[in-house]
Amino acid sequence: MTLRHQIIALAIVPLVISILAITTFITWQSANLAKNSIDTFEQNMLKTKEAEILNLTNLALSAIQTIYDKAGADDEAAKQQVAAILTSLDYGKDGYFFVYDYDGNNIVHPRQSFRHGHNWLDLTDPDGDKVIAELIATAKAGGGLHQYKWQKPSTGQIADKLSFVVSLDKWHWVVGTGVYLDDVFAQSAAANAVTRANIKRTFVIVALIAVPSVLVVFTTCMLLTFHERRMADSRLKELTQRVIDTQEEERTRLARELHDGISQTLLGVRYAMDLAGRKVRTNVDDAALTIERCVEALNGAIKEIRLLSHDLRPRVLDDLGLTAALEALCHHFAERTGIETEIDASGFAGMLKAEASTALYRVAQEAFNNVERHSGASKLSVKLWSDGGRARMTISDNGTGFDGASGGSGLGLRNMQERMAHFRGLLLINSSETGTTLTAMMPRSANIAAGKQAEAA
């Protein structure tokens, strides 16, 4: 996977996962809330039905109470009178009272007359429930509710029915009535359908919001990625060009120094040596003086070569460390330019890694070049110290300064900043009409001890 694809994946995948998780949670939560609401609604409807059939049973008992209390256990006339009253208590197509004796024989059933006089103790519903036997057992236990499946008179279809039964113990009768629950379940199913439709609509709305959002984020990420990539490519090209320009400048400087200085000196030595040879061959007395001049010219050439090699890579930096290298740099700078230069390195602990020391030395070199070329300063001071284990270097001059908006973007300053940034250090520049102060700050990670600890870890 390329870097671009990794960036896109890191930007899009968490967002998509989050949206899916949120949508799933909302859908699940909505479904649970709806289910709880429907269950509560259904329970309330069932309780209403229970209260309804309980009231109807009490009304029926009130209607037959006087006759039942006065009758004896074998009073057939009273039984027929009570059966007639219960048969007449009609409250709709599906509302009626039924009576069975304890043996399971039907005595009253206004909607199914074929059951009268027959024993239905072994009758079972589609769920295997022995309906009449359970109703009789419930009545004998003191009365109560029982749910089962029974044919609904108005439709002729099997439906759930909830009945309340009580016993007329003196006659060994079971009296009851019930309500069919298909309308309750139909209302619950309708509520479920509405809820599912609402959840589906909510999911569609969330999707309509989430998908464009993902597309917007994706497009934004792509645009930002392409923009950052173009900027990175541009910066890389600029940096490459700067490296090439710097190399060319250094080559030009070396070529000029070699041609104008060392080459001319060596050419003069050659002519002097030729002259000295001719004088020796002709026994001229001042041949020795000519040879001495050749030696002086060679010494000058050697000195220039040392200066060039010192500028490229001072041996003292590798042999004696950063403090000695900066002191030598200050000495040579003052000698070459006439600018009063001083250095204070008394507070420096000297624990930097070699690469970090080289970076600080190059920063100082570049700063000295800027002072020599642009500042017009007469005094330069360098301070090198350690603060809490962190190396610090300050270079100050009393020159004319520069405008940070324009001068701060020069090649030399950017080179210094990049050298410090390589070690996660900072380069601070404060410039005014009275002078410029440059502060280079290295982190603890640039120290030798920190490097060893990192390697050990």
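**A lysine and its partners**

Mentor: Let's start with lysine 149, which counts as partly exposed at 21% relative accessibility (buried means under 20% relative accessible area, exposed over 50%, partly exposed in between, with a 1.4 Å probe and protein chains only). Before going on, keep in mind that this is a predicted model, in which local features need pLDDT of at least 70 and side-chain atom pairs count only at pLDDT 80 or more, while totals for chains, interfaces and linings use all residues. Residues are numbered from 1 along each chain as its sequence is written, and side-chain values use heavy atoms, leaving out hydrogens and water.

Now the partners. Aspartate 127 forms a salt bridge with lysine 149, and their closest N and O atoms are 3.9 Å apart (the rule asks for a side-chain nitrogen of Lys or Arg within 4 Å of a carboxyl oxygen of Asp or Glu). Aspartate 127 sits in the loop between β2 (106–108) and α3 (131–140), while lysine 149 is in strand β3 (residues 144–151), so the bridge ties together parts 22 residues apart in sequence. Those element names follow DSSP runs, numbered from the N terminus: helices are H or I with at least four residues, strands E with at least two. Aspartate 127 itself is exposed, at 58% relative accessible area.

Lysine 149 also meets aspartate 160 in a salt bridge, at 3.1 Å from N to O. Here the link runs from strand β3 to strand β4 (residues 158–168), so it ties together parts 11 residues apart in sequence. Aspartate 160 counts as buried, with 19% relative accessibility. Elsewhere, salt bridges with shared partners join Asp94, Lys152 and Asp182 into one network.

By this rule the count comes to eight salt bridges. One of them pairs glutamate 76 with lysine 79, with 3.9 Å between the closest N and O atoms. These two are three residues apart in helix α2 (residues 76–88), so about one helical turn separates them. Glutamate 76 is partly exposed at 47%, whereas lysine 79 counts as buried at 14%.

Next, away from the charges. In soluble globular proteins, nonpolar side chains tend to be buried together. In this model the largest nonpolar core has 38 residues, and those with the most contacts inside it are Leu322, Leu352, Leu360, Met393 and Met442. A core here is a set of buried Ala, Val, Leu, Ile, Met, Phe, Trp, Tyr and Cys residues joined through side-chain atoms within 4.5 Å. Helix α8 (354–375) is among the elements giving two or more residues to this core, as are α7 (322–337) and β8 (390–397). The biggest share comes from α8, with nine residues. If you click on leucine 360, look for its contacts (heavy atoms within 4.5 Å): leaving aside neighbours within four places in sequence, they include Leu322, Leu352, Met393 and Met442. There is also a second, separate core of 26 residues, with Ala60, Ile107, Val108 and Phe164 among them.

Stepping back, the chain has 11 helices and 10 strands. Of its 457 residues, 34% count as buried. Among contacts between residues at least 6 apart in sequence, 58% join residues at least 24 apart.
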